[in-house]
Amino acid sequence: QIWFLGTDGAGRVALYRGAPYELPFGVKLYDERYASPIQTESLPTRRRDAVTGHDLRSREDAVSLIEDIQKSQGVP
């Protein structure tokens with residue numbers, strides 16, 4: 001399975017399952033699994049790039065990264 005981080009419609013760091021692509025007629029190859037309370041724009045540049053780069057990851061890697069981002073921002 002493929003996972004990636006991105007930004008949801010409210011500007012929050014979000015965890016997605018699938019490939020970060022959209023087909024014609026709005027068919028998405030991914031679905032949102034979790035939205036963090038952290039706003040993507042509030043992150044330092046390196047962290048923001050990790051979220052907006054849509055790097056493909058394993059589930060464990062993606063969850064670990066989002067947990068690390070939350071901890072670094074003071075969110076348990």
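Colleague: How many salt bridges does the count come to?

Modeller: The count comes to 6 salt bridges. This is a predicted model, so each value here is computed from its coordinates. As for the general idea, side chains of opposite charge can pair when their charged atoms come close. The rule used here asks for a side-chain nitrogen of Lys or Arg within 4 Å of a carboxyl oxygen of Asp or Glu. One case is Arg12 with Asp8, where the closest N and O atoms are 2.7 Å apart.

Colleague: Is Asp8 buried or exposed?

Modeller: Asp8 is buried, because its relative accessible area is 8% and the cut-off for buried is under 20%.

Colleague: What does the salt bridge between Asp31 and Arg17 look like?

Modeller: The N to O distance between the side chains of Asp31 and Arg17 is 3.8 Å. This pair links distant parts of the chain, since Asp31 lies in strand 3 (residues 27–39) and Arg17 in strand 2, 14 residues apart. Asp31 is partly exposed, with a relative accessible area of 30%. Arg17 is partly exposed too, also with a value of 30%.

Colleague: Which residue forms a salt bridge with Arg57?

Modeller: That is Asp61, with the closest N and O atoms 2.9 Å apart. Arg57 counts as buried at 17% relative accessibility, whereas Asp61 is partly exposed at 34%. A further point concerns shared partners: salt bridges of this kind join Arg17, Asp31 and Arg33 into one network.

Colleague: Now the strands. How do strand 1 and strand 2 run, and how many bridges join them?

Modeller: They run antiparallel, and 5 bridges join strand 1 to strand 2 (residues 12–23). One of the pairings is Phe4 with Tyr16 in strand 2. The two strands form a hairpin with 4 residues between them. In that turn, Gly11 has a positive phi of about 85°.

Colleague: Why is strand 1 described as largely enclosed by the rest of the structure?

Modeller: In a regular strand the side chains alternate between the two faces of the sheet. In this model, 4 of the 5 residues of strand 1 (residues 3–7) are buried, so that strand is largely enclosed by the rest of the structure.

Colleague: Which residues have the most contacts inside the largest nonpolar core?

Modeller: They are Leu5, Val13, Leu15, Leu43, Val51 and Ile69, in a core of 13 residues. Strand 1, strand 2, helix 1 (45–52) and helix 2 (59–72) each give two or more residues to this core. Helix 2 gives the most, with 5 residues.

Colleague: What is Leu43 in contact with, leaving aside its neighbours within four places in sequence?

Modeller: Leu43 is in contact with Val13, Ile38, Arg48, Val51, Ile69 and Gln73. Thr40 is found in the loop between strand 3 and helix 1. With a relative accessible area of 2%, Thr40 is buried.

Colleague: Which residues form a nonpolar patch on the surface?

Modeller: Tyr21, Leu23, Phe25, Val27 and Leu29 form it, with about 560 Å² of accessible area together. Strand 2 and strand 3 each supply at least two residues of the patch. Phe25 is found in the loop between those strands. Phe25 is exposed, because its relative accessible area is 85% and exposed means over 50%.

Colleague: Where is His54 found, and between which helices?

Modeller: His54 is found in the loop between helix 1 and helix 2. His54 has a positive phi of about 55° although it is not a glycine. At 35% relative accessibility, His54 counts as partly exposed.

Notes: Residues numbered from 1 in each chain as written. Predicted model: local features only at pLDDT ≥ 70, side-chain atom pairs only at ≥ 80, totals over all residues. Heavy atoms only, no water. Buried < 20%, exposed > 50% of the residue type's maximum accessible area, 1.4 Å probe, protein only. Pairing = 2+ DSSP bridges. Patch = residues over 30% accessible without salt bridge, like charges linked within 9 Å, V, L, I, M, F, W, Y side chains within 5 Å. Areas by Shrake-Rupley, 256 points an atom, 1.4 Å probe, with all protein chains shown as cover. Core = buried A, V, L, I, M, F, W, Y, C linked by side-chain atoms within 4.5 Å. Contact = heavy atoms within 4.5 Å.
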